[in-house]
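Please have a look at the picture and the sequence first.

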Amino acid sequence: MPMLIRLLLSLTFIFSSALVHATPQQLLENIHSMRLASTNAVTNYHMFSGLDADSKYELLIAQSIEAFDTALESAQSLASNNDMTDEIDSVKKNWAEFKELMEINRSDITDKGFPELARVDDMSRTNNTIVSQLTDAYAQLQEKSGITVNKQVQQARLLALVMEEMTQEYAIRATTNLGHVYAGLGESKLVEMADTFQVKLDELTKTASSPKTDALLGNIQSKWQFIEKRIRNFNENTVVFLVVSYNDRIVGHLKELEELL
């Protein structure tokens, strides 16, 4: 019997240790998922706004919001165990404001045919605040927990965020004549983002290449090459449907890649 008790205690310790390490990792994943979902919601809003209230993008807005809500709910359940309650509560507060602005702007388009530009600007700025808060929280959690994410997973997550932000900028510019008002960025920003994405993708391809990852890395590279020139030469050949569609595929591939690393 004593031997059985020792065995049970050992198993309990192993499982408890695994849970302690898994909890920060899951919270980091939640935080990353929220960054992508918030950014993607803005992209889909501008597609909805600029393309005559296309119901496809209204559905995609709802899906992005649902993805954020799901990740936020999980993050809230993990926050107290990781000394991150204040950070997650602050994100939750701004997210509530973002959703309210999104609903008002979406309704304005549906009911009046156009939104109030100042309110759209407020929504975009709130999204920027949320993403900044989440990025800070991501770094703080690693510091507090002493647990860092695999370097290659970090690279894949950074690429996904750069891709989402680049697509958001592209969609804003492509669907409104006042894109610079919302984005607050110079004309060279898309080129800078494309440069960053290419450098980071090349780095990941070198470090993560293996028999089990090469197919996915190849898919990401080929899809990126297909839209890269269009992003870099925005004024020559705007193809917003293509860029937004390929963004979703590339981000999906990067998520799949995370699971293999």
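This is a predicted model: local features need pLDDT of at least 70, side-chain atom pairs count only at pLDDT 80 or more; totals for chains, interfaces and linings use all residues.

Residues are numbered from 1 along each chain as its sequence is written, and side-chain values use heavy atoms, with hydrogens and water left out.

Let's begin with the rings. A pair of aromatic rings is described by the distance of the centres and the angle of the planes. Rings of Phe, Tyr and Trp (its six-membered ring) pair if their centres lie within 6.5 Å; planes under 30 degrees apart count as stacked, over 60 as edge-to-face and the rest as tilted. By this rule, the structure holds five aromatic pairs. In one of them, the ring centres of Trp95 and Phe98 are 5.0 Å apart and the planes meet at 15°, so this pair is stacked. You can find both residues in helix α3 (residues 85–112), where they are three residues apart, about one turn of the helix. Helices here are DSSP runs (H or I, at least four residues), numbered from the N terminus. Both Trp95 and Phe98 are buried, a word that means under 20% relative accessible area, while exposed means over 50% (1.4 Å probe, protein chains only). Phe68 joins them too, as ring pairs link Phe68, Trp95 and Phe98 into a cluster.

Now turn to Phe197 and Trp224. Their ring centres are 4.6 Å apart with planes at 50°, so the pair is tilted. Phe197 belongs to helix α7 (residues 189–208) and Trp224 to helix α8 (residues 214–232), so the pair ties together parts that are 27 residues apart in sequence. Phe197 and Trp224 are both buried.

Rings can also have a charge over them: NZ of Lys or CZ of Arg must be within 6 Å of the ring centre and within 35 degrees of the ring normal. The charged end of Arg35 sits over the ring of Tyr138, 5.1 Å from its centre. Likewise, Arg230 places its charged end over the ring of Phe226, 4.8 Å from the centre.

Finally, visit two loops. Most residues other than glycine have a negative phi. Asp52, however, has a positive phi of about 55°. This residue lies in the loop between α1 (2–50) and α2 (55–79), and at 74% relative accessibility Asp52 counts as exposed. Asp83 also has a positive phi of about 55°. Asp83 sits in the loop between α2 and α3 and is exposed, with a relative accessible area of 55%.
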